[in-house]
Amino acid sequence: MEEIKNRTRAFLSKFIKSKQLEDHDDIFAIGEVNSLFAMQLVMFMEKEFGVEIDNNDLDLNNFRSIQAISTLIARKSAAVSQ
């Protein structure tokens with residue numbers, strides 16, 4: 001899970017420059033991202049981690065923090081490997 005967090009943090013740091021992100025920081029509350037960013041984030045997750053984000057996953061709480069994103073990716077990756 002740390003590898004997922006590190007890769008996600010590196011991606012997010014390209015968009016959020018005002019602070020060093022912690023695992024539980026709400027990336028949307030910081031105010032530096034927009035709806036276009038949300039689509040870029042989904043595309044990054046699918047390409048970088050080989051998971052498919054479907055309509056059922058499109059809950060803002062799944063994308064709100066590095067921890068939430070990592071949990072979603074780990075869950076989706078486990079489902080793929082079964």
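Which residues have the most contacts inside the largest nonpolar core? Before the answer, two remarks on the basis of what I will say. This is a predicted model, in which local features need pLDDT of at least 70 and side-chain atom pairs count only at pLDDT 80 or more, while totals for chains, interfaces and linings use all residues. Residues are numbered from 1 along each chain as its sequence is written, and side-chain values use heavy atoms, with hydrogens and water left out.

Now the core. A nonpolar core here is a set of buried Ala, Val, Leu, Ile, Met, Phe, Trp, Tyr and Cys residues joined through side-chain atoms within 4.5 Å. Buried means under 20% relative accessible area, exposed means over 50%, and partly exposed is in between, with a 1.4 Å probe and protein chains only. The largest core has 20 residues, and those with the most contacts inside it are Leu12, Ile27, Phe37, Leu41, Met45, Ile53 and Phe63. Two or more residues come from each of α1, α2 and α3 (66-80). Of the elements, α2 gives the most to this core, with six residues. As general background, nonpolar side chains in soluble globular proteins tend to be buried together.

Helices in this talk are DSSP runs of H or I with at least four residues, strands are runs of E with at least two, and both are numbered from the N terminus. Helix α2 covers residues 35-49, which is 15 residues. From first C-alpha to last, α2 reaches 21 Å, close to the 21 Å expected at 1.5 Å a residue; the expected span is 1.5 Å times one less than the number of residues.

Which residues of α2 are buried? They are Phe37, Leu41, Val42, Phe44, Met45 and Phe49. These residues sit on the same side of α2 because they cover an arc of only 160 degrees around the axis, the arc being that of the directions from the helix axis to the C-beta atoms. On the other side of α2, Ser35, Leu36, Met39, Met43 and Lys47 are exposed.

Now the ends of α2. Asn34 caps the N-terminal end, with a side-chain oxygen 3.0 Å from the backbone nitrogen of Leu36. After α2 comes Gly50, whose phi is positive, near 65 degrees.

Leu41 belongs both to the buried set of α2 and to the core residues with the most contacts. Contact means heavy atoms within 4.5 Å. Leaving aside neighbours within four places in sequence, Leu41 is in contact with Phe11, Leu12, Ile27, Phe63 and Ile69.

Next, the charged pairs. I count a salt bridge when a side-chain nitrogen of Lys or Arg is within 4 Å of a carboxyl oxygen of Asp or Glu. How many salt bridges does this rule give? The count comes to nine.

Arg7 takes part in a salt bridge with Glu3, at 4.0 Å, N to O. Both residues lie in helix α1 (residues 2-12), four residues apart, about one turn of the helix. Arg7 also forms a salt bridge with Glu48, at 3.0 Å, N to O. Arg7 lies in α1 and Glu48 in α2, so this pair ties together parts that are 41 residues apart in sequence. Arg7 is partly exposed, at 28% relative accessibility, and Glu48 is partly exposed as well, at 35%.

Arg9 and Asp23 form a salt bridge of 2.3 Å, N to O. This pair links distant parts of the chain, with Arg9 in α1 and Asp23 in the loop between α1 and α2, 14 residues apart. Both Arg9 and Asp23 are buried. Through salt bridges that share partners, Glu2, Lys5, Arg9 and Asp23 are joined into one network.

Lys5, from that network, lies in α1 and is buried, at 7% relative accessibility. Beyond neighbours within four places in sequence, Lys5 is in contact with Asp23, Ile66, Gln67 and Ser70.

Asp57, in the loop between α2 and α3, is buried at 5% relative accessibility. Gln20, in the loop between α1 and α2, is exposed, with a relative accessible area of 58%. With neighbours within four places in sequence left aside, Gln20 is in contact with Arg9 and Asp25.

Conventions. A polar contact is a pair of N or O atoms within 3.5 Å; within protein, one must be able to donate a hydrogen and the other to accept it, and residues adjacent in sequence count only if both atoms are side-chain atoms.
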